[in-house]
Amino acid sequence: MTVSQPARSPRSTGWTILFFALPWLYFGAYGFHGYSDIDHGFVTGLAWRVLQGETVYTDFLYVRPPLTPYLHALVLWMLPDSYGVLGERLLFFLTLWLSVALVVKALSRRGALAELGLSAGLLGCLGFVFTCHNLSPIPWHTVDGVLFASLGLWLFVQGPRWPWTAGGCVALILAAACKQSFYPLPLVGIALCTVLYGRAAGIRAATVTASIVATSLLSARWFASEWFQAGLTQTSMAGRLVDLLDAGAGEYLESLVVLGPFFLLVAALRRWAPDGWSRKLAGPGLWVVVLTLLAINAAQAFEDQRWTKPRLHYSQIPFLLALVAGLWEWRRDQERSAVLLAALAISWCVGISWGAQSPLLCFTPAILGTFWFLKRRWEFQPSPKYSAGLLSATALLFFLLHRFPYADDPRSRCINHLGDVYPRLSGIYAGNWGFAPYEELASLRKEHPGRFAVLPAVPVAHYVTQTKSPLPVDWFLNVEANGTHWRDRLLRQLNEDTQVVFLQKRHLESMNDDGHRYGCWLGKYVLDHWTRIGKSRHYLVYAPPRPAARVPDSPPLAE
């Protein structure tokens with residue numbers, strides 16, 4: 001059965017225009033300020049290695065599937081040299097915008113939006129604002145995976161014809177080639193195809209998926225065995241079962257601490273308040289709870305005067321309600337339910353992370369599913385004014401959160417142009433916290449020429465200096481270097497190929513040799529065995545051991 005769509009109103013046209021404008025508005029508002037010595041340059045540094053002819057796994061260490069470094073190497077190659085980093089920031093917003101648009105189109109199947117009185121443009125605006133939240137605009141493997149996963153979802157719902165099915169399978173395999181947490185998605189695609197188009201279509205999707213995966217793995221095993229074995233070792237040693245349980249279940253279970261009292265309040269209203277009050281208050285009140293938690297996040301950021309990651313489970317609550325709605329919908333419309341549940345599977349995979357364990361990077365299905373839940377449970381259908389108010393309040397709260405860029409000073413103090421130090425960072429403005437490491441590195445490089453490494457961070461150092469790293473890792477965390485598994489190789493390249501090491505004082509506490517996953521045992525080795533030849537405000541400078549050049553009274557580890 002096909003549900004007819006309502007004629008486009010001037011209001012829905014306005015939402016569509018706003019949706020198309022949002023990535024450009026966000027880039028203008030949030031794309032130029034804030035830069036750190038950690039995450040911001042991580043993928044850029046990997047892409048620079050690829051452009052220099054290095055191969056992932058064999059020439060440099062990488063604990064994720066291999067697609068992202070090659071994808072962004074292509075992007076850097078296409079962008080103007082001085083605006084590669086700035087261009088990647090614009091691409092961040094465009095990528096998330098496109099992923100939201102694809103998910104909205106997929107979820108619009110069978111009149112799902114018309115039944116709720118939502119326009120695609122409005123849902124897209126809400127999805128984009130939540131999806132971007134206060135994340136820094138940086139190239140990232142999760143963002144790449146979300147784009148391919150959203151593309152796969154959209155392709156699968158287009159119809160049972162061979163090109164759509166094959167394209168959906170390929171897109172979900174590409175998503176899995178970005179990050180381990182997306183590994184389940186090809187199976188989700190097969191299940192979705194089976195529900196939408198029958199067992200025969202599901203078998204075709206399974207055949208395509210299995211053929212591509214098997215051919216790729218066997219080809220790599222036979223024709224690039226060293227690369228295959230290195231990749232298998234590196235990508236299989238990084239994760240832990242406890243991380244999966246915490247991010248994939250623990251975060252959602254903890255959100256019940258908030259949901260429980262809310263439903264108890266609704267039950268109390270239903271019992272003691274006048275008829276209909278529980279329904280009148282519960283529907284709009286649920287989003288008020290979510291926005292209140294988001295407001296507490298913003299208040300915490302202002303109190304700390306720094307960036308804060310998503311807290312208090314304001315993103316997990318809509319996800320759980322959407323999951324319930326998707327399961328309820330199965331009895332009414334299996335196809336509509338299957339599409340929502342498949343989209344929520346993407347959201348769940350997004351939240352499996354070492355950092356922000358949240359489904360926000362694919363939040364559109366949680367928004368739509370929550371509206372479904374409210375309609376089915378309390379017959380709540382958002383009015384145009386309510387929807388506009390929800391979007392405005394959400395955008396305002398994230399605007400306040402965006403005042404504090406990740407790992408840098410508040411936006412109002414990000415006035416130092418990094419392009420004046422390194423032309424490849426043109427257009428990026430940082431605060432003193434983000435600017436100083438790059439300014440001092442440029443000065444120290446003049447005093448101490450030669451093949452250098454920066455430990456443990458500044459992964460973009462060799463890209464901005466247009467040099468080749470002597471080490472196989474740019475951001476040295478034990479977890480990124482598989483703990484001590486590659487110890488002999490790293491020590492050999494450090495002692496034989498590296499002429500100077502710049503140790504960051506702000507990260508000295510992480511330079512330990514106890515195996516902590518976010519430590520830096522190689523930095524500890526340099527502190528203990530190399531010769532200190534200089535220092536600045538933010539760096540200690542070390543050279544290979546030469547007793548005569550050693551500076552007396554080396555600083556303690558916690559300096």
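I began with Leu-360, which is found in the loop between helix 15 (334-350) and helix 16 (364-378). Helices here are DSSP runs of H or I with at least four residues, strands are runs of E with at least two, and both are numbered from the N terminus. I am working on a predicted model, where local features need pLDDT of at least 70, side-chain atom pairs count only at pLDDT 80 or more, and totals for chains, interfaces and linings use all residues. Residues are numbered from 1 along each chain as its sequence is written, and side-chain values use heavy atoms, with hydrogens and water left out.

**Entry: Leu-360**

Is Leu-360 buried or exposed? I found 1% relative accessibility, so Leu-360 counts as buried. Buried means under 20% relative accessible area, exposed means over 50%, and partly exposed is in between, with a 1.4 Å probe and protein chains only.

I then looked up what Leu-360 touches. Leaving aside neighbours within four places in sequence, Leu-360 is in contact with Phe-130, Thr-131, His-133, Pro-310, Tyr-314 and Ser-315. Contact means heavy atoms within 4.5 Å. I also noted Leu-135, which is 225 residues from Leu-360 in sequence and 9.7 Å from it in space, C-alpha to C-alpha.

**Entry: Thr-131**

I followed one of those contacts. Thr-131 sits in helix 6 (residues 120-132). Thr-131 counts as buried because its relative accessibility is 1%. A polar atom of its side chain lies 2.6 Å from the backbone oxygen of Gly-127. Beyond neighbours within four places in sequence, Thr-131 is in contact with Leu-96, Val-100, Leu-360, Leu-361, Phe-363 and Thr-364.

**Entry: helix 16**

Thr-364 took me to helix 16, where it is one of the buried residues. Helix 16 has 15 residues and reaches 21 Å from its first C-alpha to its last, close to the 21 Å expected at 1.5 Å a residue. The expected span is 1.5 Å times one less than the number of residues.

How many residues of helix 16 are buried? I read 12 of its 15, so the helix is mostly covered. Among them are Phe-371, Trp-372, Phe-373 and Trp-378. Glu-379 follows helix 16, and its phi is positive, near 55°.

**Entry: cysteines**

I looked for disulfides and found 0. A disulfide is a pair of cysteine sulfur atoms within 2.5 Å. Cys-362 counts as buried, at 4% relative accessibility. For Cys-414, the closest cysteine sulfur is in Cys-132, at 18 Å, which is also too far for a bond. Cys-414 counts as buried too, at 2% relative accessibility.

Next I turned to an open sheet of 4 strands, in the order 3-4-6-5, with mixed pairing. Two strands pair if DSSP finds at least two bridges between them. Strand 3 (452-455) and strand 5 (531-535) are the edge strands, each pairing on one side only. The twist averages 25° from one strand to the next.

I listed the pairings of strand 4. Strand 3 and strand 4 (residues 500-504) pair in the parallel sense over 4 bridges. Val-454 stands opposite Phe-502, and Phe-452 has Val-500 as its bridge partner. Strand 4 and strand 6 run antiparallel, joined by 4 bridges. There, Gln-504 stands opposite Tyr-539.

How many residues of strand 4 are buried? I read 5 of the 5, so strand 4 is largely enclosed by the rest of the structure. Val-500, Phe-502 and Gln-504 are buried on one side, and Val-501 and Leu-503 are buried on the other. In a regular strand the side chains alternate between the two faces of the sheet.

**Entry: His-538**

I ended in the loop between strand 5 and strand 6, the place of His-538. His-538 counts as buried, at 14% relative accessibility. Its side chain makes a polar contact with the side chain of Glu-440 (2.8 Å). A polar contact is a pair of N or O atoms within 3.5 Å; within protein, one must be able to donate a hydrogen and the other to accept it, and residues adjacent in sequence count only if both atoms are side-chain atoms. Not counting residues up to four places away in sequence, His-538 touches Ala-436, Glu-440, Leu-503, Gln-504, Lys-505 and Arg-506.

Terms used. Axes fitted to C-alpha atoms, helices over the stretch in contact; angles between N-to-C directions.
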